[in-house]
Structures are given as structure tokens and as C-alpha cells.
Amino acid sequence: MELNTSLQTFPGIGPAKAKALAKLGLETVGDLLTYWPRAYEDRTRIYPIAMAPGEEAVCVAALVAETPSTAYIRKGLSITKCKIVDGSGAATAVFFNQDYVRRALQVGESYIFYGRVEGAGNRRQLTNPVFEREDRARFTGRIMPVYPLTAGVSNNLLAGMALRCVEDCAGQLPDELPSPVRQEHGLCTMEYACQNLHFPTDQEALALARRRAVFEELFTLSCGMAFLRSRRTALAGPVFPRRSVEEYLKLLPFAPTGAQRRAMEELSADLTSGRAMNRLIQGDVGSGKTAVAAFAAWLAHAGGFQSAMMAPTEILAHQHYETLTKLLAPAGIRVGLLTGSLKAAEKKAIHAALAAGDIDLAVGTHALLSEGVAYRNLGLVITDEQHRFGVGQRSALSSKAEGQPHVLVMSATPIPRTLALLIYGDLDVTIIDELPPGRTPVETYLVGEDKRQRMYNFVRKQVGEGHQVYVICPAVEEGESDGMKAVTAYARELSEKVFPDLRVAFVHGKLKSRDKEAVMSAFGRGEVDVLVSTTVVEVGVDVPNANLMVIENADRFGLSQLHQLRGRVGRGQWQSYCVLITDNRTPETRERLRCFCQTTDGFKIAEKDLELRGPGDFFGQRQHGLPVLRAADLAGDTRVLKEAQQAANALLARDPGLSAPEDRPVMEKVRRLFHEEGDIFN
Ligand code: ADP
Ligand code: MG
């Protein structure tokens, strides 16, 4: 057996199974060897039946004491039962719809069963346990891997194949970490890591193996980002003319904050330097990033260049279009809107105008990336809420320009410093750490169901004073998840029973974009009092008159997400409020939500989020625009991340091109990791 041996050569793997495996990216032995389990079941200890703890699954070794019998209860439901015994006591093994068990379990034979032993005395029962003969035990008596699965691929199938692959081939996997790095950071070999990630001999071995895998992945990622950064500093960019920031400021209806002014000066220096800009503006929600981005577009126009601004949602694209038109039209800048929901004829007209140079600033969604969109002379690319886009999409938009355009990305998601280095490793960073004057921090309260009536009264009071209210629910439709408030049903309840005299509307991601827009603009015009919504309003929506946000099932949201949501209120000169509703009393939830009530500083909240959840959770969310990571979501703490970054920086300082023979495998790995992001390394 070799690393490139096809999995189809395994017994029992026909074309159908092979296809199912391919869905998981598994075609060869090598693929399977690097397909890491997502969890483990500790099946090492064998308990006497009478001692088995009822609350968790464990192994028992027992003799089948009677021939299993099957009862057919009704169509689609059969129950197979048999008595099993060991020296300590007896239990009934119960199997639902698993008639084959009748033949698989032999009277008088000993098996190891793995499952929860419920009940006591004569009433002990194991429901749907897995089992295997004691003398041929493969998957019990050890720590068992639990793999990500798909239809037609069972965990036992994967584990069985993995066992054979590990036994035959673990030693053939190339060790792609340069050995000085491995030694310096005390990492185990690839062979050991592979053996123990699939079938750990004990928890300690698993921890070592996991550390190696996580380190390697984060190291590769860090090298890739550092490499991107080193490569792009040399690129020439369009030269925009020097213009005084003061001239632009005349267009603004307000005086800029100090942070906004500094950001504009920084942009101005970049944009007139002759080198291509690659800058991130990170500023909390409401810090006024749009006006700063508009400055860059204004400067582009002064130099005769077009700009494009890409937003992650249609709602946001629309809003930017309106804001920017108002702001920049007086300066003679022609702004155009391009989204997926435009009619074909409208799209065609916009495409033509962009190609002819009749639009100076194109605002839109992903539609800006689509084929057939060509610019006359694109000089500046802006992406808003950049964490929603991949590195690849960023470069796809840039590729619409003739040379390398200036790139400006904006994010309202405060990222903890450790992660920021990784995610924005290829960017220079400007931070807007000041809110426009006159904003009072949002007052935030955490309440239980018992205060629901008071909350309703509070909503009524705010609306009575002429304000508007957001009500956020975690689900769209009833039945999506147990007990959670769902937008459609809850909106109906509110409008029919609770607030029959108020104007209640709802919006969620599954609506057609025209309908979404209609609701959002009605809310913007003040024609809706209470807007029931999912997190679609999370990003960028700006309705200053809304001063209360109620978040139902608040425990279902992550801290950073709550922070984004809360940023929708507190945008006007009025005192604003955020009410979190939950009856969840687990200590972690309480700590998380209480921290949220105490501060409105996004960076503090992000640090806390990272501390409470670990980076793995962050990588699992896929909201960051990084390549897909397979091992890193196993990372439980931030230390290994920091170590991997240091190691990557040290390596690149020594060998910037990663061209030394022992570093070449790292470069190969970097290419493979970023593979799905297209050709950004070419
Ligand atoms: P974000 O950084 O979240 O994108 P926006 O650019 O949407 O923030 O700005 C939020 C609101 O603050 C907008 O209504 C904008 O007009 C207003 N604003 C921005 N800068 C200032 C300022 N310097 N003074 C007063 N209001 C401002
Ligand atoms: Mg914004």
C-alpha cells in the first residue's frame, strides 16, 4: 500500500462508496491519512455493568445470555433485544431498527458493548450500543476517532480503513516541517502525529499529535500571509494627485474626528506614493469609515481613475450607494450601483457605462466581480466589512484593473491582535479608534423571560417617543431549532397580539432581495416602528432614529456578533438601549453576556471572545476569508498560534523566498493551502 493507492482498492469500496468518499475529499490513502477526526470517544476503560456511570457512554464486556429477539412494533419500527451479563450484573441491550443484530450477536459469545448504561438493578439498559467480539476488538478498548461524515460513509467504515492505512503507511507521510522548526518547538514527527491523531494511545499522545498538526497548519498559513506581504510591497500602483484633505472636508456635513482625519492623511500618503496601497481600516461600528473611504474615491476621481466599492449584502450596497451619491455628486463624481438583483437590461447599461468611463465610482455586491464587468481605468478597489470576503475575492476584484490598483479594505469587526496579524498579515492597518462626538454608549441590560412584559412596555415607550426598535431572533422559521424565537412567527405574534397598534415588519435572509430592500428602506424612512429580523441587519445598516435593540435568545449569539448587532443602535444623538433576553443560566453564558453589558469597546469584547472560545471556534466559523483550515479548529488555546507566527516570521526572515532546499516543502504546503483561493501566488 502506498500513499497514492486508491481507496477503491479496499474491500467493500465500490463506485458508489468511492463517490461518497470523494465528497469528503478522500480518494487515496494519503488523503485519508491526513483526514483528521473531529472528535474522539474514549473507549479505553471497560466498566463492570453494575459500575457504569449512567450519564456517559462507556464500554462493558459482557456475554450474550439469550438469543436476541425482534419485535415488529409497527411499520418502520422494530425492536431487537437481548440480555447480556458480566460478573457484576446484567443489562438488556436494545436496538431500534437493527434487525441484523439478531444474527450478529451469538449466544454464549463475549462482546464489548459501547453505549450508555441507563437504569439500575434489573432494569439496566443499553440503547443502540456499538459492539464487537471481545477476541476481535478493534474499535473498543481504545480512544476511537470520530470523523466528519457524509451520507453513505459511516464512522466505522472510515475508522476501519484508517486503521489499515495508519498501520501500513503512516511512516511514508513526508515530514514537511523543517527539522530545526520541529526541534525548536518540541513537535513530534509526522509519523507519530498521524498515528496518534487517528488512534491515540492515550490522551497525552493525542495532545502531542494535535499540537503538531495545529502548529503545522497555522505555521503554513502564517508563512503564506507573510509571503503575500513581502511580495506586494514592491508593486507599483496608480499615482493619484496631491490634494489637500481640507478641500474634501468641505463636502462633509460634519467635522471629521481626529481619527478620521489621520486615516485620510495616511491614505493620501499611500495613494500619491506610486506604490500600490494595501490598507485595512479597522474601526468600530459607527466610527465613520464610509466618509474616509469616500475620500479615497474622491482622490481617485481627481486623478482621473475609477473606483469600485464592494459590500457583502445588497442592503449595504444600496445604503452606500445612497450615502456616497449624496456626498460625492456635488463634486461631480458619478456613482453607479451594480447588484445581482438588477434586471438584465439595467446591468447591461451599467456595464457599458463602466467600460466607457461614464461611472466614476461603482458601488455593489459580488456582482462587481462577475464576468462581463470591465472598467475603463480602475485605480482603487474598496471592500467593506472585509472579513466576509476571502483573500481571493479581494484579488479577483483587483484583477479587473489594468495594473495593480490601490486596495482599501474596511472592517468593523475588531479582531484581537494575535488573529489580526494572521488574517490581515498582508495588509497595512489603520485604526479609527474614536467615535464621532455626541454619542452616548448604548445601555445594555440582561434580563430573563420574567421581564418580558416590562420589555414590551419599554418598546412601546420608545416608539411613543418617536423612535424605532429592532427585535433580533436567531431563527427564521418556527421549528428550525427548538424553543428559539423565529422571525416570521414572532413578527406575527407581535403585530397581532402584543403591538396591534404599532407598525411591525420583518426581514430575513431568505426573502427576495427586492422585498428585503423594500422593508429596509421603509424602516429607514421611519414607516416601520418595530423591525423583527435575523442577523441580516448585523452588517452596516444605518438608521439613526432606531434607539432600542431587543435580542431574543441572546445566549445563541457569539460576543462579536452581539457587538455587531448592538452597533445598529446608538447612531443618533439619543440615548440608546440594548436588551438581551435569555433564561440560560450556565456560568459561561452568564460571564459572556455580563462582559458584553459592561463594555462597548469592540476590541475588549473581541479579546474576551477569543479567550472564552479559543481560536478553534473562530477558524470554524469561516467568516474570516482565510483558506479552509482542517486542523486549526482543534486548537483550544492561543499559545500555539503565537508560537507558529513567531516561527513563520523567523523562517521568512532567514529565507524570504522559501527557496532553500529544506524550506521548499513549506512553500509547497503554502501553495496547497491557498489553492482554493485561486492564483494569488502567481
Ligand atoms: P461605520 O464606520 O460603521 O461604517 P459609518 O461610516 O456608517 O460608520 O458612519 C456612521 C454614522 O456616523 C453615519 O450616519 C455618518 O454620517 C456619521 N458620521 C461619520 N463621521 C462623523 C463625524 N465625524 N461626525 C458626525 N457624524 C459622523
Ligand atoms: Mg460601514
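Two strands count as paired if DSSP finds at least two bridges between them, and I kept this rule beside me while looking up the sheet. Helices and strands are here DSSP runs numbered from the N terminus, a helix (H or I) having at least four residues and a strand (E) at least two.

**Entry 1, ground rules.** I noted that this is a predicted model, in which local features need pLDDT of at least 70 and side-chain atom pairs count only at pLDDT 80 or more, while totals for chains, interfaces and linings use all residues. Residues are numbered from 1 along each chain as its sequence is written, chains are lettered from A and ligands numbered from 1 in the order in which they are written, and side-chain values use heavy atoms, with hydrogens and water left out.

**Entry 2, the sheet.** I looked up Leu548 and found that it stands opposite Tyr577 in β24. Strand β23 (residues 546-551) and strand β24 (residues 577-581) run parallel and are joined by 4 bridges. Both belong to an open sheet of 6 strands, in the order β19-β24-β23-β20-β22-β21, with parallel pairing. β19 (443-447) and β21 (504-507) are at the edges with a single partner strand each, so one side of each has no neighbour in the sheet. From one strand to the next, the twist averages 20 degrees.

Helix α18 (residues 559-566) lies across β19, β20, β23 and β24, at about 150 degrees to β23.

Which angle do the axes of α9 and α10 make where they cross? The axes of helix α9 (residues 258-271) and helix α10 (residues 289-302) cross at roughly 30 degrees and come within 9 Å. That makes α9 roughly parallel to α10, since angles under 35 degrees count as roughly parallel, over 145 as roughly antiparallel, 65 to 115 as roughly perpendicular and the rest as oblique. The contact includes Met264 and Leu267 of α9, and Phe295 and Leu299 of α10.

I then followed α10 to helix α11 (residues 314-328), where the axes come within 11 Å and cross at roughly 60 degrees. The two helices, α10 and α11, are therefore oblique to each other. Among the residues making this contact are Trp298 of α10 and His320 of α11.

Terms used: Axes are lines fitted to C-alpha atoms, for helices over the stretch in contact, and angles run from 0 to 180 degrees between N-to-C directions. Contact means heavy atoms within 4.5 Å.
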